Amino acid sequence: MTPTRPAIWLPRQVWIKNEWGLIQRGNAVLAPIFFAIAHDNQHGPSLLVLSLFWAQLRKFVVFLGHILGITPVDIHFWHPTSLPCKNMQAAFLDIPGHITLRDVPLPKPGAGEVRVKLNQVGICGSDVHLFLGHRLLNQPTVIGHEGLGIIDSLGAGVMERTVGERVIIEPNIPCRQCRYCLSGRGTICPNKRTIGLNEPGCFAEYITLPADYCWAVADTVSDADAVTVEPMAVAVHALFLSGAKPGDTIAVIGLGAIGLLLTHLALALGYRVFVTERNADKVKIATDLGAESVSPTGESTPAEQSRMLADVWLSNDVCAVFECAGSAITASLATSAAPRGSEVVLVGLSEKPAAFTPLKVAREGIHLVPSIIYDHPFDFQRTLQLIQARVIRPGFIISSHHPLRNLQTALETAAGGLETKLVVSI
Ligand SMILES: [Zn+2]
Ligand SMILES: [Zn+2]
């Protein structure tokens, strides 16, 4: 039987906020003093020195303890930033069309999770669909999934993340156990947890999620480019899923956020892009980027529109058509006008049935390619790399900012369809 060794209680670390609002490790014994000093907003640098010094001193005490046969026991102290409030504000979608702000308990990160203090959250087309009741939720839910924030707490066992890291949220979390996940198809996992849908969402002050589903963003990346990474990753996934290569010509139907981002990405990589969209302002954004507009007039019949698009696309060797409008009509249009041998990539998510002619699809070798969200971890990785390399700047789509307390009106404005991307400040 091993003899019981005496124990020495050594505080390991606490977290304190310095004058820049950053959170850093500090000496637990001196924490109350540090905390008091930190709040006079002048002693950030000296706090840093003291914190670093404590780390060295602690190592030395542990070393001495080993020589003397004393086992160090780590104790974790309170988190000062969580002391002032045990509650947070969260915006609930109670019933379609109705947002209510409520105080709820601050979520605690579970094992393997981190807690993120959110700063900015983009409004997605899917948030608008939920808000309008096109897709019904079973219970009052905090929606929103395009989150940017700072890690403020680590759950048990999280070693590789740091408090204070600026991160973006990857909101779709496959189960990693079903046959689809095991065969590398996590995008269609039926047990997928989706933040802002069947998990608490980002229109709140804090969120918890698995540590490997939030991505550190380099300081060189602006908030605007960071908060638009999630929709950008959808566009990255769709473009690279198709067989179209840089130098090829593609067509994009619908210039919502995803259509615009896909156009931006393709142009930046050297594709030629034809865009089709009813809203003249959005067409202007795309043509300013370098796209060519081919937009049938509102008066023409679907058959005339299809013929017009088919002529332009065929004569310009369009090899992939990206349906980003998300309506049954445009999905039908994309398929009927698709040139021989091309792909129709279904990016928009219409819940209504669309029509296609099997004879045309089969005889002309049209490939229907479903594109949903993004592959973990590659598409977020690629998107961040493309942004850091300054190939793409997705932040250009942001059209307005709104405070969380005005989420109701922000969602109503987004539902109007005239803006390209609304961002909520938390
Ligand atoms: Zn989204
Ligand atoms: Zn799964």
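Q: Let's start inside: how many residues has the largest nonpolar core, and which of them have the most contacts inside it?
A: Keeping in mind that this is a predicted model, the largest nonpolar core has 101 residues, and those with the most contacts inside it are Phe203, Ala235, Ile250, Leu262 and Phe322. The largest share of this core comes from helix 6 (residues 229-241), which gives nine residues.

Q: You named Ala235; what does Ala235 touch, leaving out residues up to four places away in sequence?
A: Ala235 touches Ile258, Leu261, Leu262 and Leu265. Among these, Leu262 is also one of the residues with the most contacts inside the core.

Q: How far does helix 7 reach, then?
A: Helix 7 has twelve residues and reaches 16 Å from its first C-alpha to its last, which is close to the 16 Å expected at 1.5 Å a residue. Just after helix 7, Gly270 takes a positive phi of about 95°.

Q: Is helix 7 largely enclosed or largely open?
A: Helix 7 is largely enclosed by the rest of the structure, because ten of its twelve residues are buried. The buried residues include Gly259, Thr263 and His264, as well as Leu260 and Ala266.

Q: What covers those buried residues of helix 7?
A: The cover includes helix 3 (125-132), helix 6 and helix 8 (280-289), together with strand 13 (249-253), strand 14 (272-276) and strand 16 (318-323).

Q: Some of those are strands, so what order do they take in a sheet?
A: They belong to an open sheet of six strands with parallel pairing, in the order 15-14-13-16-17-18. The edge strands are strand 15 (292-293) and strand 18 (367-370), each of which pairs on one side only.

Q: How many bridges join strand 17 to strand 18?
A: Four bridges join strand 17 (residues 343-346) to strand 18, and the two run parallel. One example is Leu346, whose bridge partner in strand 18 is Pro370.

Q: Changing topic, is strand 6 mostly covered or mostly open?
A: Strand 6 (residues 113-122) is mostly covered, with eight of its ten residues buried.

Q: What pairs with strand 6?
A: Strand 6 pairs in the antiparallel sense with strand 11 (residues 206-210) over five bridges, and Val114 stands opposite Leu209 there. Strand 7 (residues 146-154) is also antiparallel to strand 6, with eight bridges, and Leu118 stands opposite Gly149. Strand 20 (residues 422-425) runs antiparallel to strand 6 as well, joined by three bridges, and here Gln120 stands opposite Ser425.

Q: Which other strand is joined to strand 20?
A: Strand 19 (residues 400-403) is joined to strand 20 by four bridges, and these two run parallel; in this pair, the bridge partner of His401 is Val423. With helix 13 (residues 407-415), strand 19 and strand 20 make a right-handed β-α-β unit.

Q: Last one: how many helices and strands are there in the chain?
A: The chain has 13 helices and 20 strands, and of its 426 residues, 40% count as buried.

Technical notes. Residues numbered from 1 in each chain as written. Chains lettered and ligands numbered in written order. Predicted model: local features only at pLDDT ≥ 70, side-chain atom pairs only at ≥ 80, totals over all residues. Pairing = 2+ DSSP bridges. Core = buried A, V, L, I, M, F, W, Y, C linked by C-beta atoms within 7 Å. Buried ≥ 20, exposed ≤ 12 C-beta atoms within 10 Å, placed from the backbone. Contact = placed C-beta atoms within 7 Å. Expected span 1.5 Å × (residues − 1). Right-handed = clockwise from strand over helix to strand, strands pointing away.
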